[in-house]
Amino acid sequence: MSTKLLEVKNLVVKFGGVTALDNVNLHVNQGEIAALIGPNGAGKTTVFNIVTGYYTPAEGEILVDGKSMLGLRPYKIARAGLARTFQNIRLFGDMTAVENVATAADALNKSGLVGSLFGVPRSRRDEKASMEKAHELLKFIGLDHRALQMAKNLPYGDQRRLEIARALALNPKVLLLDEPAAGFNPQEKVELGELIRKIRDRGFAVLLIEHDMSLVMDISDRVSVLDFGQKIAEGTPVEIQNNQRVIDAYLGVAEDAS
Amino acid sequence: MDFSILVSDFWALTIDGLVVGAIIALVSLGYTLVYGVLRLINFAHSEIFMIGTMTCYWVVQRFGFTGYEDPLPLWKFAGLFLLFGFAAAVVSGVAAVILEIVAYRRLRVLGASRLSSLISAIGASFFLVEVFQKISGAKNLDFPRLISKDTLFEFQNAYITQDKLLVIVGAAVIFYILNRVIHHTKLGLGIRAVSQDERASILMGVNVNRIISYTFLLGGVLAGFGSAFYMVFYETTKANVGFLIGISAFTAAVLGGIGNVKGALYGSFALGLFQQYTSAVLGYNWKDVVTFVILVFVLLVKPTGLFGEALQKARV
């Protein structure tokens, strides 16, 4: 059957006395777009912060392609195959678009920084390869015409796409997208959906956090729903849309009057 | 005030300003690069420069030059210069890396406040000065005249000598290489990425601790080359030689906008020229006073400097 590229088992996360995630199980299969949805504060971004190593879980296991990520330093987790974008764009604003992407591509090349400082041939070759890869990814994402512009000067939508290109430069096993459609108009959302499909077809599995339900239901192969730190449902878009617990969580039931 | 010297010797002062500016710049870059990645003023950086000057002195001593011989022929001088220049670069670079590990890394790992690191920096600076006072006997160490300082050619009352030409051309080569490193290498992209968003760079696979170490290395290497030029030009050093040049370099970094490489370069040359022009008008004793006044003035009036960010509200 399909391989699980990202697998989160029995994840428990506590901030002080508050349990942010309670025994959550998630996985992303090879070649699929999985979505993680839930009301605000359900713990979606916390999942991203945990799997990328920013916080340490109280309990549970995180596997990337079968290898445990627990205790690994965040930059190693990134190199091992989990790359993310941010809900609030965090590009390197004073670097050009292509430099943003090349920075991530460089993280994977094995030549050391001493060689880089003294310009030894191997480093130069690797750096050139990173640059070429960065240009290629910009082309893939449709930003090659902006390669030499400063990231901070790009239009908003291009900045979002540039973040995706930068994350792809890490050759991630799973690409984590944190609300990529935030601030997009309907037309841009459609284009984004196309792009995410294209990314999957290129061989990257995708885990998507998104509030825009039409986008989620349109492109996802599988949807998991979080509410108050617990997974309350998982299934195909159609199953999720008809799940009573999910509907209650989103619309609120009578005793849940907040 | 007497402006007659400024007018009559304008080009001579300009040449000297460029020479001094180039030396200041090589030190200034260390402040600005480290500030970029750590938001920390590495006040011990002036001592990294001092260690470079000491290295030059010792290397030259070791080769038996005491200052009583005639200046060397050009090719011999070039060989010797490369030798003590690279020795100083290596020793200063390594010293800077050790400084980071000993004085700052633990504090950073423990999440100490920036103030703690600043105090640690000042402590490390005092420590190094005192140690080298002991070693050098607290006296001026005079560097032999290795290269003839006769005038090569004259230009509008400015006497161009070999040593000044060496500093300007040598520094220009180093700045060119540095620009290449900053813009086209893994190290340069890493340094800039960490300077702009440390967390995002971690999540893009950048090993931040490594980048920080190499930033110190790069700053130290630049200061080491700067110290070699300094020794050829000024021909003397002592344990606290770093203080005034350190203040000049720090002022230049703030003037250009700390954290900004281009700013440090412009700031350094501006400061070098300004020091020369004002000392022609006010007298040479006023040179350092002018530097301090500029530092205070920039911090009060335009804390962002020419290109950079405000020291007072450094990003957290």
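## A look around chains A and B

Start with A:Leu175, which touches A:Ala83, A:Ala167, A:Leu168, A:Ile199, A:Phe204 and A:Val206, leaving aside residues up to four places away in sequence; touching, or being in contact, asks for C-beta atoms, placed from the backbone, within 7 Å. This is a predicted model, where local features need pLDDT of at least 70 and side-chain atom pairs count only at pLDDT 80 or more, while totals for chains, interfaces and linings use all residues. Residues are numbered from 1 along each chain as its sequence is written, and chains are lettered from A and ligands numbered from 1 in the order in which they are written.

A:Leu175 turns up again in the largest nonpolar core, which has 173 residues; it is one of the members that touch the most others, along with A:Val101, A:Ala165, A:Val206, A:Leu208, B:Ala25 and B:Leu26. Domain 1 and domain 2 of chain A both give residues to this core, so it lies between them. A nonpolar core here is a set of buried Ala, Val, Leu, Ile, Met, Phe, Trp, Tyr and Cys residues joined through C-beta atoms within 7 Å. Buried means 20 or more other C-beta atoms within 10 Å of a residue's own, with C-beta atoms placed from the backbone.

What are those two domains of chain A? Domain 1 covers 1–81 + 172–258 and domain 2 covers 91–171, with bounds from an automatic or database domain assignment. Their C-alpha centres lie 26 Å apart. Where they meet, domain 1 puts in 10 residues and domain 2 puts in 11 residues. On the domain 1 side, helix H2 (74–80) and helix H7 (186–201) each supply at least two residues.

Now for chain B, in brief:

| Feature of chain B | Value |
|---|---|
| Secondary structure | 12 helices and four strands |
| C-alpha trace along principal axes | about 55 × 45 × 40 Å |
| Buried residues | 50% of 316 residues |

Helices (H or I, at least four residues) and strands (E, at least two) are DSSP runs, numbered from the N terminus.

One helix to pick out is H3 of chain B, residues 45–62. Its 18 residues should span 26 Å at 1.5 Å a residue, and its end C-alpha atoms are 26 Å apart, which agrees; the expected span is 1.5 Å times one less than the number of residues. H3(B) is mostly covered, with 15 of its 18 residues buried. After H3(B) comes B:Gly64, with a positive phi near 80°.

Technical notes
A residue is buried if 20 or more other C-beta atoms lie within 10 Å of its own, exposed if 12 or fewer, and partly exposed in between; C-beta atoms are placed from the backbone. Two residues are in contact if their C-beta atoms, placed from the backbone, lie within 7 Å.
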